[in-house]
Amino acid sequence: RLPDAKSRLVITNHDATSFPLVMSADNKFDRVLCDVMCSGDGTLRKSVDLWARWNPLMGAHLHEQQARVLMRGMGLCKEGGIVVYSTCSMNPVEDEAVIARCLREAGGAFELIDPQEQLADLKMYHGMASWTLLTPNGEAEIHNTGAESKLTLDKQPCSGEAAPSQEGDQTSKPPRRGAKAKFTYTSSMFPPEATESESLRLERCVRVAPHLQDTGGFFIAGLRCLRELPNTVSISHRAKYTCHFVPLSDDVLADVRKGVTLPDSFPFHRLFCNPETSRTPKIYYLAEDCAKSVSSINAKIVQVGVKVFESQVKHSWAHSRVAADGAATLAPLLGDLLLRTSAAHVLRAVGNIAAAPPKSFTVDGDHVRDFTEYCPPEIPTSGVVEVDCGESIGKIYLPFDTHRGFTVHLTPTQHTLLLVSAGKPLRPTDAAECDEPLPVQVDPPQPSAES
């Protein structure tokens, strides 16, 4: 829905309980999603193995870590922003108890959002204000004895289950056969008092039960930031990470331009590469603000932006071509180098095909200008074709290259959109029913540079 959304994407692999701020303490996020680790008991319909393994502690031993993740997410949100907390669990210890604890610790800086504002048509139950905790064997209730109390119980591990040796520990080794482990219940796992519950508005949480609309079980809570929380992650206590995605050097850029025709007005400073993966060279395009800030993110970065160029030859930047992922991103930057055609022209070029749509097709060199409605005097070595699919579909963008003839690449989804826009059937038809095709060669799938 957002044409340049991918160019603003930065993917990290970092501990969510200590995720760093970007650039400065003033640069917080508008939206934060905390889709936390959970017991997964909401997936019991499809995960039938859970029935034999489930016990009341499967959710309780995750409570502490879930709360830490949510509190860090709330700390990263700017005033007026929204934090969404979600699990695929129905256990209130993982759901409402975590929300109540974090709202309590936030001290009025956040409030729950009424789900009717955004989810009026969703079939759901409202959040719970009270619930019961059970002993590990499920035979007796556990009662909260005080605001600061901690109740430690002996737990007989279930068959094949690793028993936590301390609060929140998920990695401890299974005890010896016949041995007992201990687990600590904290006061935040219990339901809030009636007076506090009224102010927390836990009924604004969303519970999606599997039978309501034939889904899995989910818990969702939206929290609006009324006042920013102070940053609690100290830079001095964090490891220093080096960003391996760097801007293109002059030498690499010169090689890339041998394989891809780009206008002089192109924002080359937004092109990044990862030298560590130069065996199969790939180049990524970042939005202006991301290009400026990516090097200052103190986290392990695994992906940035959108892939716009990829090489057809190992270890060679000079054999780069436009990547399918980045065709739509590149289109507005190419100016007069952008080729244009219609869905009808593309379907004529493809002609009658087998059950599987082609990954690429090659138009005879003498008919390239018949295939396009606009083509620059000199055809680029590699570029993008803009295909007008009408008002209902809009425009789609197909990459092409001329290394082995004028070869256009398309995905199965794009081929389906072409058929829909032209009112064609989605399954193969007889050749007699097709328009007269252009001279074209449907290419078999080519081995990738990684193979």
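Visitor: What makes strand E13 (residues 271–273) and strand E14 (residues 282–285) a pair?

Guide: Two strands pair if DSSP finds at least two bridges between them; E13 and E14 are joined by three bridges and run antiparallel, so they qualify as a pair. Leucine 271 stands opposite tyrosine 285 in E14. Strands (E, at least two residues) and helices (H or I, at least four) are DSSP runs numbered from the N terminus. This is a predicted model, in which local features need pLDDT of at least 70 and side-chain atom pairs count only at pLDDT 80 or more, while totals for chains, interfaces and linings use all residues. Residues are numbered from 1 along each chain as its sequence is written, and side-chain values use heavy atoms, with hydrogens and water left out.

Visitor: Why are strands E12 and E17 said to stand at the edges?

Guide: The open sheet has five strands in the order E12-E13-E14-E16-E17, with antiparallel pairing. E12 (246–247) and E17 (320–322) each have a single partner strand, so one side of each lacks a neighbour in the sheet.

Visitor: Why are helices H10 and H13 called roughly perpendicular?

Guide: H10 (residues 343–350) and H13 (residues 412–421) pack at about 115 degrees, with axes 9 Å apart. Axes are lines fitted to C-alpha atoms over the stretch in contact, and angles run from 0 to 180 degrees between N-to-C directions. Angles of 65 to 115 degrees count as roughly perpendicular, under 35 as roughly parallel, over 145 as roughly antiparallel and the rest as oblique; H10 and H13 are therefore roughly perpendicular.

Visitor: What makes helix H3 oblique to helix H4?

Guide: The axes of H3 (residues 63–75) and H4 (residues 96–106) come within 9 Å and cross at roughly 45 degrees, and that makes H3 oblique to H4. Their crossing is right-handed, meaning that the near helix is turned clockwise from the far one by less than a right angle (left-handed if anticlockwise).

Visitor: How do you know that phenylalanine 361 and phenylalanine 371 form an edge-to-face pair?

Guide: Rings of Phe, Tyr and Trp (its six-membered ring) pair if their centres lie within 6.5 Å; planes under 30 degrees apart count as stacked, over 60 as edge-to-face and the rest as tilted. Here the centres are 6.0 Å apart and the planes stand at 70 degrees, so the pair is edge-to-face. Phenylalanine 361 lies in strand E19 (residues 360–363) and phenylalanine 371 in helix H11 (residues 368–371), 10 residues apart. The structure holds seven aromatic pairs.
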